[in-house]
Amino acid sequence: MSTKYVFVTGGVTSSLGKGIISASLAKLLQSRNLKVTIQKLDPYLNVDPGTLNPYEHGECYVTEDGAETDLDLGHYERFLGTYTSKANNVTTGRIYRSVIDKERQGAFLGKTVQIIPHITDEIKRRIFLLGKSGKYDVIITEIGGTVGDIESLPFVEAVRQIQWELPDEDCLVIHLTLIPYLSAAKELKTKPTQHSVKQLQQNGVQPDILICRTEHSLTPEIRKKLALFCNVKPNAVIESIDADTIYRVPLMMKEEKLDEIVMENFGFSGLPEPDLGRWTAFLDKLSHPSKTVNIGLVGKYVELQDAYKSILESFIHAGAANDCKVKVIPVHSEFITDENIEDKLSGMDGILVAPGFGERGLEGKIKAIRYAREHSMPFFGICLGMQMAVVEFARNVLGLEGAMSAEVESTTPYPVIDLMEDQKTTTIKGGTMRLGAYQCILEEGSLAYRIYGKKMISERHRHRYELNNEYVEALNSHGMRTSGRNPDTGLVEIVELDSHPFFIGVQFHPEFKSTPEHPQPVFVAFVKAAMQYRESKSAEG
């Protein structure tokens with residue numbers, strides 16, 4: 001059986017949820033025992049999102065093999081429960097760099113290098129790369145941006161060529177669009193979708209399936225009208241109404257028979273019905289929690305939810321595992337002061353200090369960590385959050401006044417956080433950090449060991465700076481245990497406080513490996529500790 005290709009484009013407006021639709025379709029096909037993966041084609045000229053400010057593009061998601069990618073790959077992994085890789089995210093910047101490198105090497109035999117065929121050929125090569133591995137029955141490719149954008153045109157042209165090259169039963173195009181509701185007229189309007197499909201058709205691409213984002217249900221008349229004017233079959237007009245959670249979308253797409261339409265197009269037969277038992281069980285827990293906790297998310301990008309997308313999703317998974325609704329309350333670290341910290345944090349049941357880079361908001365993070373430590377409130381620090389926990393402890397317990405990370409204060413007398421040795425000669429910023437999965441050995445008897453239940457773990461990283469080993473002995477002797485280390489480099493991965501009910505900082509990013517069916521252990525333990533803290537507060541008062 002040949003590999004089948006599904007392309008997902010978007011129209012009318014951005015942020016309609018192409019990634020969620022792609023992941024939902026993949027989940028349904030996977031649940032029928034098909035081997036599926038998803039890739040994202042991003043139209044921006046950055047080689048990857050690694051150097052982008054989170055305000056620009058949300059969080060930078062890191063894969064097992066160390067690729068800095070679009071946050072949609074996080075959705076893919078969370079829905080499918082399988083890892084993605086460098087091959088699953090391709091940007092315009094990467095395409096152009098590859099073509100220009102080939103031109104410099106003389107690979108085009110002196111020909112004029114053009115968008116067509118050279119850029120589009122490279123796009124197609126990247127699309128087919130996963131298919132040639134022989135690992136997958138279906139490859140879903142999400143085209144970033146909106147149809148009509150100049151940036152997306154080469155990708156759309158590549159899809160046109162693939163539609164022409166492949167047999168009809170091997171290629172399918174889904175167009176996700178918006179059906180706006182005009183409250184004044186009290187009706188849904190189809191004209192924006194008609195124009196969007198017309199634009200796609202003018203680019204030579206005919207969609208096979210139309211998925212319509214809407215706030216109100218589509219009537220049979222609207223579906224028939226869309227099918228007629230957009231040149232798709234009536235049963236291929238699919239409603240995607242707003243959902244209470246993204247994890248309900250696969251079930252909604254199943255009700256709309258999206259997977260059946262795709263299978264019919266590809267000629268699949270004899271496949272089992274979707275097995276979504278564990279997924280449904282997760283949704284039941286998510287929808288009917290018996291308890292609630294408030295978690296303060298202390299960071300400097302809290303205005304934008306997508307900046308901490310994987311952390312927020314990890315709390316959803318951990319909450320369901322604990323039969324608990326986790327209310328994540330953003331706390332801007334830049335605005336935490338000694339005068340207002342009680343008002344900002346006293347109502348929390350736990351504090352997570354988020355990862356990040358740079359000096360802005362650091363002192364506020366340090367104040368929040370001290371508050372959690374001194375009030376025996378559950379604390380969880382990730383990457384920079386762990387590093388600032390070390391800084392806070394060094395200053396206020398070890399008495400090392402002025403202790404800081406060398407990242408933001410190169411002249412600090414006590415660089416308890418310092419640049420990793422292999423980073424000291426690096427001048428290029430993009431893709432040069434410590435990235436991807438690394439092993440960590442846990443100390444038996446530690447909190448970390450109890451959480452994971454085993455001695456060796458593997459988690460993903462994204463950092464340049466580390467805990468300075470010159471201070472490890474002093475930290476340990478004063479009660480900050482370095483309970484996790486990389487077996488090859490001796491890099492400290494985890495710190496914790498034995499004297500505290502729950503205080504843990506991790507150098508890695510555990511949020512990248514949490515899924516609904518396999519919630520991340522540290523998040524599960526943190527939410528459980530927050531529940532216990534809340535119960536103890538209630539008992540006292």
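Which residue in β6 is the bridge partner of K40? I looked, and K40 pairs with E142.

**Ground rules.** I am working from a predicted model, where local features need pLDDT of at least 70, side-chain atom pairs count only at pLDDT 80 or more, and totals for chains, interfaces and linings use all residues. Residues are numbered from 1 along each chain as its sequence is written, and side-chain values use heavy atoms, with hydrogens and water left out.

**Strand β6.** I took helices (H or I, at least four residues) and strands (E, at least two) as DSSP runs, numbered from the N terminus. Strand β6 covers residues 138-143, and six of its six residues are buried (under 20% relative accessible area; exposed is over 50%, partly exposed in between; 1.4 Å probe, protein chains only). I then checked its neighbours, counting strands as paired if DSSP finds at least two bridges between them. β1 runs parallel to β6 over five bridges, with Y5 opposite I139. β2 also pairs with β6 in the parallel sense, over six bridges.

**Salt bridges.** My search criterion was a side-chain nitrogen of Lys or Arg within 4 Å of a carboxyl oxygen of Asp or Glu. The whole structure holds 38 of them. D170 and K4 meet at 2.6 Å, N to O. D170 sits in the loop between α6 and β7 and K4 in β1, so this pair ties together parts 166 residues apart in sequence. I found D170 buried at 8% relative accessibility, and K4 buried at 5%.

I also noted E535 with K291, at 3.3 Å, N to O. That pair links helix α18 to strand β12.
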